[in-house]
Amino acid sequence: MNIFRIIEQLSEVDSDVLGRFDSRRAVFKTLGDTAKKGALAAAPVFVASLFQKAYGQTTAPSVIDVLNYALTLELLEEDFYTKMIAAGQVPTGAPAAAIALIKKHESAHVTLLTNTVKALNGTPVTGKKFDPAKFPADYTTQLAFAQALEDTGVRAYKGQAGNLMGKTAGSTNLLQVALQIHSVEARHAAHIRTMRAQAPWIPAADSNLPAPLGPVYTGAIPESNVTQSGVNLTSQLGATYSANDAAASFDEILTMAEVLDASRAGGLVV
Amino acid sequence: MSKIITSGGDEADFTKPLYVPIKRRSFFMYAGATAGATALLLSGCDDDDDVVSTPGTVNLGAGDVGVLNFAYALEQLEAAFYDRVKTSPASDFTSAEKDYFTQVAAHEAIHRDFFKAAINRDAPGKIIANLTPNFDSIDFTKRATVLAAARTFEDLGVQAYNGAGKYLKTPAYLVIAGQIVSVEARHAAYVRDLISNGSFADDSIVDPLTGLDKALEPVDVIAAAQGFIKEKLDASNVGK
């Protein structure tokens with residue numbers, strides 16, 4: 001039994017499987033210790049207790065939690081673009097117009113999510129800002145951070161879709177709204193990538209880039225992944241496809257814990 | 001917000017007592033990967049057995065497999081289109097554009113072949129036939145007409161996935177749809193920028209007040225795509 005493989009596959013179904021455990025590090029450390037001791041007989045018991053802990057009670061985040069998580073990311077993005085425009089280094093013309101359009105959408109998402117949380121009698125998060133100490137002084141690095149934020153946003157929404165299945169606010173289907181935001185984030189990401197002379201989609205090699213970009217493309221399921229639903233896209237489709245095309249043809253999820261990790265969005269928000 | 005469609009799902013299905021068993025079942029499918037568990041997972045898709053097909057019509061089916069067939073139909077269309085673009089590119093494409101469209105062609109072919117493999121595995125006998133594209137209205141020799149058609153297909157693809165996601169009952173399939181739609185949105189943004197730089201998410205496609213991309217119901221997507229497919233498609237039971 002390969003527990004790592006099981007957890008990887010499980011996270012395709014349940015995007016927050018890792019968040020259900022105490023912490024990823026604790027889980028993998030315990031697994032490592034178990035293996036070192038050679039206590040293989042104890043492994044099934046340990047795995048059973050692990051999943052009992054994860055699934056023995058309903059710990060899936062509430063709709064309000066999911067919406068506030070999305071709102072946190074949108075506030076972070078909105079503030080980043082506010083700072084980017086204020087810094088005054090975006091070239092006039094097409095670049096300035098693109099950044100203004102993206103900022104407009106992020107502000108609209110903030111308003112939409114804030115109002116939705118209120119409509120559900122929740123308390124919307126406020127005051128989440130891009131850490132001023134991390135804001136880059138030069139335009140080139142600002143664009144790199146924009147790419148990191150957008151591609152993280154795409155992965156973050158994807159990771160929460162399952163928690164919004166069947167959820168409504170009045171007559172509004174919340175899953176559909178999340179999908180409609182999600183594809184806009186992907187459009188933003190594609191454009192920012194082309195502003196940086198990158199492919200609009202994510203090639204397999206991106207996870208090797210230095211921070212802030214590289215960590216965005218890693219995770220339990222990295223963007224270099226070529227297996228979807230147990231099907232290897234390079235070898236099991238009856239035709240030959242490169243690993244790069246296979247990786248680029250599917251974007252991957254990030255769990256809530258992964259997005260909020262210090263190496264990704266969690267390290268940028270104050 | 002007025003375009004948002006009322007949920008067809010029953011809120012009671014998602015109350016907490018049911019939630020845990022559903023998650024456990026999903027887990028056993030992925031951890032055990034037994035045929036029995038797979039069949040169990042798909043038992044909700046069997047309610048299209050008594051759908052009557054009209055001769056000459058391709059019925060996409062009902063339940064989850066209907067949504068998967070719906071996606072498979074669209075991916076067949078996109079893959080066939082880009083195969084033509086790749087094989088005989090417009091004379092006024094730049095070499096960079098040819099390279100990118102070769103990549104897009106691969107992405108769409110992978111989507112098509114993936115759906116074929118997944119449907120045949122999870123719902124044997126329920127996959128729709130290979131469709132015959134009808135691209136008579138598209139002039140493949142000119143960059144402008146190819147880009148215009150590509151924009152139509154990509155924006156339609158985004159709207160299709162955005163509108164059909166809510167009909168999926170199996171979380172794993174929803175994740176797959178989400179993993180594909182963002183790549184379609186990347187394609188859409190790319191081809192829009194080729195037509196007019198900066199139009200990747202302009203007000204004509206993203207609502208400026210809500211910041212939402214569009215979503216279309218499956219029957220409306222099929223109505224928009226029907227002119228490019230020789231067979232008559234019936235999406236009236238998709239997701240139901």
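Here are some notes on this predicted two-chain model, written for reading beside the structure.

1. **Ground rules.** This is a predicted model, so local features need pLDDT of at least 70 and side-chain atom pairs count only at pLDDT 80 or more, while totals for chains, interfaces and linings use all residues. Residues are numbered from 1 along each chain as its sequence is written, chains are lettered from A and ligands numbered from 1 in the order in which they are written, and side-chain values use heavy atoms, with hydrogens and water left out.

2. **Chain A at a glance.** Chain A has 11 helices and 4 strands (helices are DSSP runs of H or I with at least four residues, strands are runs of E with at least two, and both are numbered from the N terminus). Of its 270 residues, 57% are buried; here buried means under 20% relative accessible area, exposed means over 50%, and partly exposed lies in between, using a 1.4 Å probe and protein chains only. Take the contacts in chain A between residues at least 6 apart in sequence: 75% of them join residues at least 24 apart (a contact is heavy atoms within 4.5 Å).

3. **Chain B at a glance.** Chain B contains 7 helices and 2 strands, and from the N terminus the order is α-α-β-α-α-α-α-α-β. Buried residues account for 55% of its 240 residues. For contacts in chain B with a separation of 6 or more, residues 24 or more positions apart supply 75%.

4. **How do the chains meet?** At the interface, 75 residues of chain B are in contact with 72 residues of chain A. Together the two chains bury about 6,300 Å², with 63% of that on carbon and sulfur atoms (buried area is the accessible area, by a 1.4 Å probe, that two parts lose on being put together, summed over both). The interface also holds 23 residue pairs in polar contact, both residues being at pLDDT 80 or more. A polar contact is a pair of N or O atoms within 3.5 Å; within protein, one must be able to donate a hydrogen and the other to accept it, and residues adjacent in sequence count only if both atoms are side-chain atoms.

5. **Which helices of chain B supply the side that touches chain A?** Helix 1 (16-32), helix 4 (95-122), helix 5 (143-164) and helix 6 (171-195) of chain B each supply at least two residues. Helix 6 of chain B gives the most, with 19 residues. By type, the residues on this side of chain B divide into 39 nonpolar, 18 polar and 18 charged. In that count Ala, Val, Leu, Ile, Met, Phe, Trp, Tyr, Cys and Pro are nonpolar, Asp, Glu, Lys and Arg are charged, and the others, Gly among them, are polar.

6. **Salt bridges across the interface.** Side chains of opposite charge can pair when their charged atoms come close. The whole structure has 17 salt bridges over all chains, and 5 are found across the interface of chain B and chain A (a salt bridge is a side-chain nitrogen of Lys or Arg within 4 Å of a carboxyl oxygen of Asp or Glu). One of the pairs is A:Asp151 with B:Arg186, whose closest N and O atoms are 2.7 Å apart. These two residues also belong to a salt-bridge network with A:Arg193, A:Asp206 and A:Asp251.

7. **A pair within chain B.** B:Arg192 and B:Asp155 form a salt bridge, with the closest N and O atoms 2.9 Å apart. B:Arg192 lies in helix 6 of chain B and B:Asp155 in helix 5 of chain B, so the pair ties together parts 37 residues apart in sequence. Both residues are buried.

8. **A pair within one helix of chain A.** A:Asp79 and A:Lys83 meet in a salt bridge at 2.4 Å, N to O. They sit 4 residues apart in helix 5 (residues 63-87) of chain A, which means about one helical turn separates them. A:Asp79 is buried at 10% relative accessible area, whereas A:Lys83 is partly exposed at 22%.

9. **Neighbours in chain B.** B:Asp122 forms a salt bridge with B:Arg121, their closest N and O atoms being 2.7 Å apart. B:Asp122 is buried at 5% relative accessibility, and B:Arg121 is partly exposed at 35%.
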